[in-house]
Amino acid sequence: MNRLWAGAPALLDESSVVFEPPVATCTKICCLALNYAAHAEESGLEVPPEPVLFFKPPSALTGHNRPVTAPARTKHLEHEVELAVVIGSTVRDLPAERWREAVAGYTVINDMTARDLQLANIARNAPWDQSKGFDTFAPAGPYLATVDEVPDPQTLELTLEVDGEVRQRANTKQMVFGIPELIADLSDGMTLLPGDLIATGTIAGIAPLKDGDVMRATVRGVGTLINRVDFRSA
């Protein structure tokens with residue numbers, strides 16, 4: 001027998017499973033911009049003196065092995081692999097030294113960006129949330145890695161491959177603002193609820209995608225998130 005005990009269920013093959021996002025409910029996706037110095041440099045921007053926050057709506061979430069669908073209004077889509085913190089308790093005004101009280105676990109998130117729309121909005125000093133918030137622009141998963149499975153989230157390697165080509169690679173120890181500081185900053189005056197996600201920022205190596213590209217976003221010890229790119233026709 002290739003099962004652990006008589007009567008144990010057979011393991012399912014991932015190809016036969018439909019993956020949903022790894023949180024049942026989510027009121028907000030808190031995203032950090034420019035939280036790695038090398039990414040700030042490649043973007044032609046300075047490292048910020050304090051965390052820079054933007055939001056994605058929960059409707060942007062999609063699961064592992066699901067397509068990322070770019071709307072017809074964009075022609076320039078880019079990937080951004082990130083470690084996501086999954087909130088497990090209702091917290092507000094939580095001190096940095098108590099950050100673990102807020103955390104249920106971790107997952108992989110790919111902060112998809114319509115770069116042409118974002119840059120156009122930045123050029124006219126307009127908000128650029130829409131370029132980040134389209135449906136499927138926050139693929140997350142495949143699983144929730146619990147806190148006991150990830151004893152130190154600040155020592156994890158991140159990589160992103162497109163059709164086998166490694167485009168992004170770095171380590172969470174290179175964050176400008178670490179997870180304790182981020183949770184303290186975000187919860188200062190804002191309630192974080194169970195199922196909320198904190199996308200802790202992407203690393204250097206962002207690049208354009210084309211229709212049909214397959215992205216493999218990996219956080220070692222947490223999982224590998226796979227999504228195919230689908231550009232909608234006008």
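Arg216 has Ile226 as its bridge partner in S15. The model is a predicted one, in which local features need pLDDT of at least 70 and side-chain atom pairs count only at pLDDT 80 or more, while totals for chains, interfaces and linings use all residues. Residues are numbered from 1 along each chain as its sequence is written, and side-chain values use heavy atoms, with hydrogens and water left out. Strands (E, at least two residues) and helices (H or I, at least four) are DSSP runs, numbered from the N terminus; two strands pair if DSSP finds at least two bridges between them.

Arg216 sits in strand S14, residues 214–219. Six bridges tie S14 to strand S15 (residues 223–231), and the two run antiparallel. In S14, Met215, Ala217 and Val219 make up the covered face, and Val214, Arg216 and Thr218 the uncovered one.

Elsewhere, seven strands build an open sheet of mixed pairing, in the order S2-S1-S12-S6-S7-S9-S3. Strands S2 (52–56) and S3 (61–62) are at the edges with a single partner strand each, so one side of each has no neighbour in the sheet. Most residues other than glycine have a negative phi, and most peptide bonds are trans. S9 also holds Pro142, and the peptide bond from Gly141 to Pro142 is cis, with omega near 0 degrees.

Two buried residues are worth a look (buried is under 20% relative accessible area, exposed over 50%, partly exposed in between, with a 1.4 Å probe and protein chains only). Asp196, in the loop between helix H3 (179–186) and strand S12 (197–199), counts as buried at 1% relative accessibility. Its side chain makes a polar contact of 2.6 Å with that of Thr27; such a contact is a pair of N or O atoms within 3.5 Å, where within protein one must be able to donate a hydrogen and the other to accept it, and residues adjacent in sequence count only if both atoms are side-chain atoms. Ala70, in strand S4 (residues 68–70), is buried too, at 0%. Beyond residues up to four places away in sequence, Ala70 is in contact (heavy atoms within 4.5 Å) with Leu77, Phe137, Asp230, Phe231 and Arg232.

Positive phi values turn up at two non-glycine residues as well. Asn65, in the loop between S3 and S4, has phi near 65 degrees and is partly exposed at 42%. Asp93, between strands S6 (81–87) and S7 (103–110), has phi of about 55 degrees and is partly exposed at 45%.
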